[in-house]
Amino acid sequence: VSFVRFDVKSKDQAEPSAEQIATLLKDEAEAVQARFSKDAPLYQTPKQVRARQILRKLERDASDEEIAAAMKYLAEVKTKLDAGAKFEELAKTESQDESTAGKGGDMGFFSRTQVVKTVADAAFSLKIGETTAMPVKTRLGVHLIRVEQIKESTTQGFDDVKEKVAASMLKERAAQSTTMATAQAMIDAVQGGKTLE
C-alpha cells in the first residue's frame, strides 16, 4: 500500500479576527465550553518554588567515604548559614555547580516535575527563607537548598481564556480545511493520470 500523509498544522494558520472569535463564542458556546473542559490542564500552572543551592559534586560511583566527606563539608557550610552568613555569598565560593554558583546558587523557578525527585521533595517541603536541615543526595552530588519564593498553583477559568480557546478552535478548523484542499488536489491529480509517487 502506498499512501501520502498530510499533517494538520494549526500553528501555521493566521490568527482569527476578534469578529470571528466573537461569532464562534455566540454560535457555538457549548462547543467552546466542551473544548475548554477537555483542555483544562493547559490552563493550569502547577505550584513552583524559586530556590538556591550549594552543590558539592560527586562521581556516580563515589565511595561511602566520599559521600560522607561531602555531607560533612555541607554540614559545616550549614553551620555558617545558621550563624548568619548569606546563602548567596557562600554559594559563590562553596558551590561546585557551574550553572548556578555565579548567580549565588539561584536555580530560578521550577515545578516538582522539572527537577530530580529528591531535590523537589526537599524544596517543596520548605517555607520561604528555610534551608534544608541536612544536605540532599542526588546522582550529581549533595545539595543544600534554600527556598526564596513560592508561587502557588493557579487555574484560569473559562471566562479568562474563552477567546483563546475559540481562537485555537478556529485555527484548527482553518488548518483542517487547508489540509483537506491539498489532499483533494492530489486525489484529483491521481484521478487525472498522475502517479501517487
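Predicted model: local features only at pLDDT ≥ 70, side-chain atom pairs only at ≥ 80, totals over all residues.

Visitor: Leaving aside its neighbours within four places in sequence, which residues is Glu94 in contact with?
Guide: Residues are numbered from 1 along each chain as its sequence is written, and side-chain values use heavy atoms, with hydrogens and water left out. Glu94 is found in helix H4, helices (H or I, at least four residues) and strands (E, at least two) being DSSP runs numbered from the N terminus. With contact meaning heavy atoms within 4.5 Å, the partners of Glu94 are Ile54, Leu55, Arg56, Tyr73, Val77 and Lys80.

Visitor: Is Glu94 buried or exposed?
Guide: The scale calls a residue buried under 20% relative accessible area, exposed over 50% and partly exposed in between, using a 1.4 Å probe and protein chains only. The relative accessible area of Glu94 is 13%, so Glu94 is buried.

Visitor: How far apart in space are Glu94 and Tyr73, C-alpha to C-alpha?
Guide: Tyr73 is one of the residues in contact with Glu94. The two are 21 residues apart in sequence, and their C-alpha separation is 9.4 Å.

Visitor: Where do the buried residues of H4 fall, seen down the axis of the helix?
Guide: Helix H4, residues 87–94, has Phe87, Leu90, Ala91 and Glu94 as its buried residues. The directions from the helix axis to their C-beta atoms define the arc, and here the buried residues of H4 fall within 105 degrees, so they line one face of the helix. In general, an α-helix has 3.6 residues a turn, so residues three or four places apart point the same way. What covers the buried residues of H4 includes strand S2 (48–57), helix H3 (64–82), helix H5 (98–101) and strand S5 (141–151).

Visitor: Which helices do the buried residues of H2 pack against?
Guide: In helix H2, residues 29–38, the buried residues are Val32, Arg35 and Phe36. Seen down the axis of H2, these fall within an arc of 100 degrees, so they line one face of the helix, whereas the face turned away from that buried side carries the exposed residues Glu30 and Lys38. The buried residues of H2 pack against helix H1 (18–27) and helix H7 (158–191).

Visitor: Which residues does Ala123 touch, not counting residues up to four places away in sequence?
Guide: Ala123 is found in helix H6, and its relative accessible area of 0% makes it buried. The C-alpha atoms of Ala123 and Ala51 are separated by 7.2 Å, although the two are 72 residues apart along the chain. The residues that Ala123 touches are Val49, Phe110, Ile145 and Val147.

Visitor: Where does Thr131 lie, and which residues does it touch?
Guide: Thr131 lies in the loop between helix H6 (117–123) and strand S4 (136–137), and it is buried, with a relative accessible area of 16%. Not counting residues up to four places away in sequence, Thr131 touches Lys78, Leu81, Phe87, Leu126, Leu144, Ile145 and Arg146.

Visitor: What is the relative accessibility of Gly84?
Guide: Gly84 has its place in the loop between H3 and H4. The residue counts as exposed, with a relative accessibility of 57%.

Visitor: What is the radius of gyration of the protein chain?
Guide: The protein chain comes to seven helices and six strands, and along the sequence these follow the pattern α-α-β-β-α-α-α-β-α-β-β-β-α. The globule rule, 2.2 Å times the number of residues to the power 0.38, is compared with a radius of gyration taken over C-alpha atoms. For 197 residues the rule gives 16 Å, and the chain is more spread out than a compact globule, so its radius of gyration is well over that value, at 27 Å.

Visitor: How many of the residues of the protein chain, as a percentage, count as buried?
Guide: The C-alpha atoms of the protein chain fill a box of roughly 80 × 45 × 25 Å along the principal axes. Among contacts between residues at least 6 apart in sequence, 71% join residues at least 24 apart. Of the 197 residues, the share that counts as buried is 33%.
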